[in-house]
Amino acid sequence: MIPPVIKPQSTDDVLAIVVTVGVAILSIIIIGALYLGREIFVPVALAILLSFVLAAPVRLVQRLHVPRAAAVVGVVLFAFAVIFALGSVIATQLSGLAGDLPKYQTTILSKIQSVRGVAGGSSTLERAAEMLQDLGKELDKPKSVAPANPLTSGPAAKTGVKPVPVEVLQPDPGALESLRSLIAPLVSPLATTGIIVIFVIFILIQREDLRNRLIRLAGSHDLQRTTAALDDAAARLSRLFLNQLMLNTGFGVLIGSGLWLIGIPSAALWGILAAVLRFVPYIGSIIAAAFPLALAVAVDPGWWMLAWTAALFFVIEPLVGHVVEPLLYGRTTGLSPVAVVVSATFWTALWGPIGLVLATPLTVCLVVLGRHVERLSFLDVMFGDRPALAPAEIFYQRMLAGDPTEAAEKAELFLKERSLSAYYDEVAIKGMQLAQSDFDRAALDQTRLARIRDTVIEFVDDLSDQDDGHPVGNGQVADAEVVDAIEAVAPSSDQPDIPVLDPEAVAERFRGEHAVLCIGGRTLLDEAAAIMLAQLCRAHGVGSRVEGPEALSTANIFRLETSGVALVCLSYIGITSPAHLRYAVRRLRRKLPGAAIMIGCWAEGVTNIDELRETGKADLFATSLREATQIIVSMAQGDDHIISPESSVRQASA
C-alpha cells in the first residue's frame, strides 16, 4: 500500500500559523500579567480613567491663568476629597443599617408566614425541607460511644485527685501593638489611593509628553493623521466619561431622593450605589435595585413600599437611559451588547468587583484605539457597535444566502431617512457589484446567480409598498440602527430631484402598462438590477416590465413582446465591451424603431463612459438608477429634449 503523499504547506501558510500561535501566546502572557499584577494595574487603570474625567476641569481652571501644576493638584485634591466624603457617608450609612437589621426580623417572619398561608402551608417543598432538616439532625447527633476522657480516667481518677484547670493568659498588648493592629487594615487602601493620586497628577501634568510617546509607538510616519487621531480619541473619551459621571450622579441623586421620600432606610447609601453600578450597562441598575427592594420587604409590614420602590426604578432608569442619555452624549457607548457582557465577565474574573465597574470604560478605550490606530483595528471589529460588514456586503451576503427578509429589514431602516433610489444606488447596486466581481473571477456559478436573481425578486416585492419620495425623517434620528445604516454608506453625487409625475400630464406613449422595458444586458445580475429599475419606474407612476438577457439573442429578439413600449433600458452591472452594446442596440433598434433606447451602466469606476456612449449608439446613457429614473420620468412628462438631437429616434418621434 502506497502511503498518501502529504503536500508541504506554503511559506505563507506556515508564516500565518506561526503568527497565530505567537499572538495566542502573547495574549495568554498579557492576561496572566494583568491577573498577577492586579495590585499595580488596578490603580493605574483607575488613574487613567480619572485623568480622562479630570482633564476638562483642569483645562477650565487653566483658562483662569492658573499654572498647570497648581491647577492639576487642586483639581485632583478636590476630586479625592469628594471621594473620601462619599466613602465616609457610605461607612456611616452601613453602620446605621447594620444596627437596625435586628428590628426588621419580625416583619420578615410575618411576611414569610403570610406567604406560606397563601401558598397552602403544607406544600411539597415544605415537606421536603422538613425531611432534609430531620436528616441533618440525625447526622449531627453525637456517637453513642464517646471516647474516654483523659481527665476522668487514668491514674488521676483512681487516686481521686481532681485535675487543676490551666488557663493561658495573653499579656496585655502595648501601645505600639494596638496602634499596629489599628493601622494594618488601612495600609493597603491608603497605599492604593496614594498610587492613584500620584499617577493622576503625573498623567495630567505630562499629558503632551505621553501623547508624543504614544504617537511614536503608533507610528510617526504620518504625524498629522496620528496626532489628529489621538487628540480626537482623548477628547471623545474625556467627554464621554465626564458626561457619564454627571449623568450617573444625577441618576443616583434621583434614586436616593426618591427612596428617602418613600421611607427606605439609608437612602443616601443606595443612591451612591445606584450611581456607581450604573457604570455597568444593562445589569448595573438591576443590581442596584435589588438591595432597596429587599429592604422594602423587611421594613414595611405591607407591600406598598415595595411597589413604590419598584416603580421608582422602572420609571427613572428608562427615562434616563432612553431620553436623557441619547440627548447628552449620543446613542451608545460605542460597544456592542455582546462586547459589554464579555468585557464585564473578563474584567470581573481578572480584577474582581472593581473590574466590573471598570469593564465598560476600559473596553471603550480599547475600541477608540481600534478606530484610530490601524494596527489595533481588530479591537473595533470585535467590540465596537458598528456593523462588521458594510451595508453593501450585508446585502450581497443575504442575497447569496437566499434570505431577503433581513435585507428588507435593513432597507426599511435606511428608508426612514433616505429615498428608495438612494438605497438602490448606494447599497443594493454596490452589493451587485461585489457579486459581479466574484463572477468575473469565476467564483459564482449559474446556480448561485439564479439564486441571487430570485432573491432580488422577493426582496423588491417586499419593498413594493415603498415610494421614492422624500422620507419623513428630519435628520435627527435616535435609533442607533437607523443612524448606522445611513452613516455606513457614502452618499452618491448630487443629482436633481426626480420630478413628481402628474398622471394627467403623462405623455400618450407612456400611458401603457409596460411603457418601459428593462432588459438585463448579459447576466442574471444585470437582470437583477433591471428589476430594481422597473420598481422605481412603477413607484413614480410609469408602467414597466423586465426581461432577462436571453431576450437579446438573435432567436428571441423577434419573439419579444413590444406592444406599448416607449423606452427600452439595457442594464449592465459589469463593464461591458462597446461591441456588445452596439450589437444589442442595433437589434433593439430593428425590433422597436419608434422607442427610445437607454444604456444603464451601473459599474463602479467606469472610465470609458464617452466611448460607451459613442459606440453604443443609444439615445440615452445613465450611470445610476436614480439618474435613469429621472430621465424616464422627464420623458413621461413629454420632455424629449434630453434625447440627443442627432438621434434617429428623435427625428422619428418628431
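I count a charge as sitting over a ring if NZ of Lys or CZ of Arg is within 6 Å of the ring centre and within 35 degrees of the ring normal. With that rule I found Arg582 over the face of Tyr583, at 5.6 Å from the ring centre.

**Ground rules.** This is a predicted model, so I took local features at pLDDT of at least 70 and side-chain atom pairs at pLDDT 80 or more, while totals for chains, interfaces and linings use all residues. Residues are numbered from 1 along each chain as its sequence is written, and side-chain values use heavy atoms, with hydrogens and water left out.

**Arg278.** Arg278 also lies over a ring face, that of Phe251, at 5.3 Å from the ring centre. Next I looked for salt bridges (a side-chain nitrogen of Lys or Arg within 4 Å of a carboxyl oxygen of Asp or Glu). Arg278 has one with Glu317, the closest N and O atoms being 3.2 Å apart. Glu317 is in helix 12 (residues 304-329) and Arg278 in the loop between helix 10 (267-277) and helix 11 (284-299), so this pair ties together parts 39 residues apart in sequence. My helices are DSSP runs of H or I, at least four residues, and strands are runs of E, at least two, numbered from the N terminus. For burial I use relative accessible area with a 1.4 Å probe on protein chains only: buried is under 20%, exposed over 50%, partly exposed in between. Arg278 comes out buried at 9%, and Glu317 partly exposed at 24%.

**Other salt bridges.** I searched the whole structure and got 10 salt bridges. Arg453 meets Asp454 at 2.8 Å, N to O, and also meets Glu527 at 3.1 Å. Glu527 sits in helix 21 (residues 524-539) and Arg453 in helix 19, so that link spans 74 residues in sequence. Arg453 is buried at 18%, Glu527 is buried at 10%, and Asp454 is partly exposed at 35%. I also noted a salt-bridge network of Arg398, Asp403 and Glu406.

**Rings.** I paired rings of Phe, Tyr and Trp (its six-membered ring) if their centres lie within 6.5 Å; planes under 30 degrees apart are stacked, over 60 edge-to-face, the rest tilted. That gave me seven aromatic pairs. Tyr423 and Tyr424 have centres 6.2 Å apart and planes at 55°, so I logged the pair as tilted. Tyr423 and Phe459 have centres 6.2 Å apart and planes at 40°, so that pair is tilted too. Tyr423 is in helix 18 and Phe459 in helix 19 (residues 446-462), so the contact joins parts 36 residues apart in sequence. I have Tyr423 buried at 3% and Phe459 buried at 0%. Ring pairs link Phe395, Phe414, Tyr423, Tyr424 and Phe459 into a cluster.

**Helix 18 again.** Which helix holds Glu426? I placed Glu426 in helix 18 (residues 420-440), where Glu426 is buried at 3%. The side chains of Glu426 and Arg418 make a polar contact of 2.8 Å. By polar contact I mean N or O atoms within 3.5 Å; within protein, one must be able to donate a hydrogen and the other to accept it, and residues adjacent in sequence count only if both atoms are side-chain atoms.

**Cysteines.** I found zero disulfides, taking one as two cysteine sulfur atoms within 2.5 Å. The sulfur of Cys537 has its closest cysteine sulfur in Cys518, at 5.1 Å, too far for a bond. Cys537 is buried at 1%, and Cys601 is buried at 3%.
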